[in-house]
Amino acid sequence: MRKTGILNAQLARAINGLGHTDTFAVADCGLPIPAGVEVVDLALVFGVPRFADVVEAILDEVVVEGAVVATQAPDEVALLCDDPTRVDHEDLKQALADCKFVVRTGETTPYANIIFRSGVPF
């Protein structure tokens, strides 16, 4: 059994499969996810797990070189990543089709969604 890090087997596998410039998203529980995109569904009940907690846990394990946040997203969402690109929520939803996976949280804050671009540690 793992001692630290992501314990969810599906999420750990999805993270391990990321390559440089691959994108993935962390989303609130209401974001429509396009057919064909893997969903790592962590949602238990409204509010659990929280969006910020999931983002923090993932960022402890993944090198990120960029992020996209909807212009409609509250500041507390945008502050979870460094210098995000802001796009309209409709454009963010379109970009989900190119993500390797989407992590669905129990978050109920509207527009609590970020698309991350994977980087390299060197």
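A disulfide is a pair of cysteine sulfur atoms within 2.5 Å. By this rule the count comes to 0 disulfides. The model is predicted, so local features need pLDDT of at least 70 and side-chain atom pairs count only at pLDDT 80 or more, while totals for chains, interfaces and linings use all residues. Residues are numbered from 1 along each chain as its sequence is written, and side-chain values use heavy atoms, with hydrogens and water left out.

**First stop: the cysteines**

Select C81 and C99. The sulfur of C81 has its closest cysteine sulfur in C99, at 13 Å, which is too far for a bond. Buried means under 20% relative accessible area, exposed over 50%, and partly exposed in between (1.4 Å probe, protein chains only). C81 is buried, at 9%, and C99 is buried as well, at 6%.

**Second stop: helix α1**

Helices (H or I, at least four residues) and strands (E, at least two) are DSSP runs, numbered from the N terminus. Select residues 9-16, which form helix α1. Which residues of this helix are buried? They are L11, A12, A14 and I15. Viewed down the axis of α1, the buried residues fall within an arc of 165°, so they line one face of the helix; the arc is that of the directions from the helix axis to the C-beta atoms. On the other side of α1, A9 and N16 are exposed.

Next, display what covers the buried residues of α1, which includes β2 (38-41), α2 (51-59) and β5 (101-104). Then move to N8, which caps the N-terminal end of α1: one of its side-chain oxygens lies 3.1 Å from the backbone nitrogen of Q10.

Select H20, in the loop between α1 and β1 (23-27). UniProt, in an unreviewed entry, lists H20 for "active site"; such annotations may be inferred rather than shown by experiment. Is H20 buried or partly exposed? H20 is partly exposed, with a relative accessible area of 44%. Contact means heavy atoms within 4.5 Å. Leaving aside neighbours within four places in sequence, H20 is in contact with E65, S118, G119 and V120.

**Last stop: H89**

Select H89, which lies in helix α4 (residues 89-95). H89 is buried, with a relative accessible area of 11%. Leaving aside neighbours within four places in sequence, display the residues in contact with H89: L31, A70, Q72, Y111 and N113.

Conventions. A polar contact is a pair of N or O atoms within 3.5 Å; within protein, one must be able to donate a hydrogen and the other to accept it, and residues adjacent in sequence count only if both atoms are side-chain atoms.
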